[in-house]
Amino acid sequence: MNTKHATSLFAASLTAILQGNTAFADSPLGWIHSNNPSAFTIPALDFEATFAKIAVNETIDFLDIRDDLLAGTRKLEGDSGDLSGQKIELHFGLTSYLSAFYRRQEHDLKIELGEVSSINLLDIDNGLSTTATAYGFKWNFFEAGHTDDARPWRAASLELTRTSNSTDDFEGVIDRITLSGNLTIDFTSPQTFRLQDMEDDGWQARVLYSTPFSNSIGTTFWAGYAENEASSGTGSSITSAFLAPAFEQSFNTEAKQILLGAALNWQITPRMPLQLSYEYLRINDSELTAITNPNNSLLPSFLRGSNVNSADTRDNHSIRGSISYWVTPKVHASVVGNLYSNQFLGVIPHYSNPLSGSFSDNPYGFVGLQIGITL
C-alpha cells in the first residue's frame, strides 16, 4: 500500500470514528467523573465540579498511618503526619467524544522535628504547604454495545495530562551551630536556612478501556506513560565563607513512569455509586543530578542530600475509594479515601527532597468529604 492510499485510509477511519462518536460517547447515568478513571467522557456542554476537604489526624487515622510514620523515623514528633487541605476538580464536555478537565489540590503536611543537637533552633516551620495541579483532555475514540444510558457499555479513550506541583520554602532560624568535637559557632544575629526550589513539572498519557461487568457494574483498565522533572535544594542567609557553602545544595531529577490500573464503578442504587480504583506506578530511568559541598557534614541530618533517593527504579501502589449519594439529580455528596504504599512517591515527584525524602518509603493516606454539582 503506498503512502497516499495509507493516508487516505487513515483519514477515512478517523472520520468514521469521529462521526460514530457524535451519537454517543457520553457516560452512563449516575456516574461521577471526579477522580474516577474511565473511558467515558462527560456529555457535550455538560459541566461537573467537585469540591472536597481532605484530612488525616489522630482522630481519623483509622489505619494508624500517621502513627506508623512517627514510628518509622526518629526525626519526627508531635502531630507530624497530620494533613489538611482542599481539592477542586472540573470537567467540561467540549463535544460528545472530547472532554477537558482540571484538578487542583492544596494541602499542608505537618512536620514537627525533634531536638536537633547540631544547631540551636529559635524558630522553624512546622509543615510543607503544597499545591498540586493537573489539566488535560480525554478523547473517546471507540465505543460499542451502547443500548441504554442506564447501564455501561464498551469504550476506549486516550487521556493526556499536564502536571505541575510546588511547595513553599521550609525555613528555620538558628543562632548557633555545633561542630564536631563540641566546637560551637555563635552568630551575632540569627540566621535563616531553608529548603527551597521544591517543584516539578511533567506530562502523562493513558489509554483507558471500560467494559460492563453487569447492568450496574462497570470496570475500567488502563496503561500509561509519564515523564517529569523535579527540583529541590537548600540555602541560607549565612555569610560565612566557611559555613555558607555547606548549606547550598541543589537536586534535579528526571524520571519516567509506567502506570497500570483498574477501577470499578458499582451503581448500588441509581442514586448511590461506589467507586474503587487501584494504580501501580513504577519509576523507571530516574536520573539525579546533585550539587553539594564536602562540608555538608555540617548540616543537620534532615537537610542532607543523602535523604534524596537516587535509585533509578522505585514503585508505589495507590488505592482510592468513594461512596456517593445523589442528593438531587444535579448534586451529590461523597466520602472519599486515598491510600499510598510509599507516601506521595511519584505522585508529587519533588517530595524526594532532603526533608520529606527521608520518610517517603512509609505508607500514607487521607480521607475527604466531597460535594459535587453537574450543570
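## A tour of the predicted model

Start by selecting Asn-35, which counts as partly exposed because its relative accessibility is 23% (buried means under 20% relative accessible area, exposed over 50%, and partly exposed in between, with a 1.4 Å probe and protein chains only). What you have open is a predicted model, in which local features need pLDDT of at least 70 and side-chain atom pairs count only at pLDDT 80 or more, while totals for chains, interfaces and linings use all residues. Residues are numbered from 1 along each chain as its sequence is written, and side-chain values use heavy atoms, with hydrogens and water left out.

Asn-35 sits in the loop between α1 and β1 (helices are DSSP runs of H or I with at least four residues, strands are runs of E with at least two, and both are numbered from the N terminus). Check its backbone: phi is positive, at about 55°, although Asn-35 is not a glycine. For another such case, jump to Asp-285 in strand β11, where phi is about 50° and the residue is again not a glycine. Asp-285 has a relative accessible area of 46%, so it is partly exposed.

**Zoom out**

Now show the whole chain. Its C-alpha trace spans about 80 × 55 × 30 Å along the principal axes, and it has two helices and 14 strands. Of its 375 residues, 47% count as buried. Among contacts (heavy atoms within 4.5 Å) between residues at least 6 apart in sequence, 73% join residues at least 24 apart.

**Stop at strand β10**

Select Asn-265 in strand β10. Is this residue buried or exposed? Asn-265 counts as buried, because its relative accessibility is 2%. Its side chain makes polar contacts with those of Asn-36, at 3.4 Å, and Gln-275, at 3.3 Å (a polar contact is a pair of N or O atoms within 3.5 Å; within protein, one must be able to donate a hydrogen and the other to accept it, and residues adjacent in sequence count only if both atoms are side-chain atoms). Leaving aside residues up to four places away in sequence, Asn-265 touches several others, including Trp-31, Ser-216 and Pro-273.

Next, pick Trp-266, also placed in strand β10 (residues 249-269). Trp-266 is partly exposed, because its relative accessibility is 35%.

**Follow the rings**

How many aromatic pairs are there? The count comes to 10 (rings of Phe, Tyr and Trp, the last by its six-membered ring, pair if their centres lie within 6.5 Å; planes under 30 degrees apart count as stacked, over 60 as edge-to-face and the rest as tilted). Select Phe-40 and Trp-153, an edge-to-face pair with 5.1 Å between centres and 65° between planes. This pair links distant parts of the chain, 113 residues apart: Phe-40 is in the loop between α1 (3-23) and β1 (47-56), and Trp-153 in the loop between β5 (127-144) and β6 (154-167). Both residues are buried. Then compare Trp-139 and Phe-141, a tilted pair at 5.6 Å and 50°. For a cluster, select Tyr-340, Phe-344, Tyr-351, Tyr-364 and Phe-366.

**Finish with the charges**

The whole structure holds seven salt bridges (a side-chain nitrogen of Lys or Arg within 4 Å of a carboxyl oxygen of Asp or Glu). Select Arg-206 and Glu-279, whose side chains meet in one at 3.5 Å, N to O. Arg-206 lies in strand β8 (residues 184-212) and Glu-279 in strand β11, so the pair ties together parts 73 residues apart in sequence. Arg-206 is buried because its relative accessibility is 9%, and Glu-279 is buried too, with a relative accessible area of 18%.

Move on to Arg-282 and Asp-315, bridged at 2.9 Å, N to O. Here Arg-282 in strand β11 is linked to Asp-315 in strand β12, 33 residues apart.
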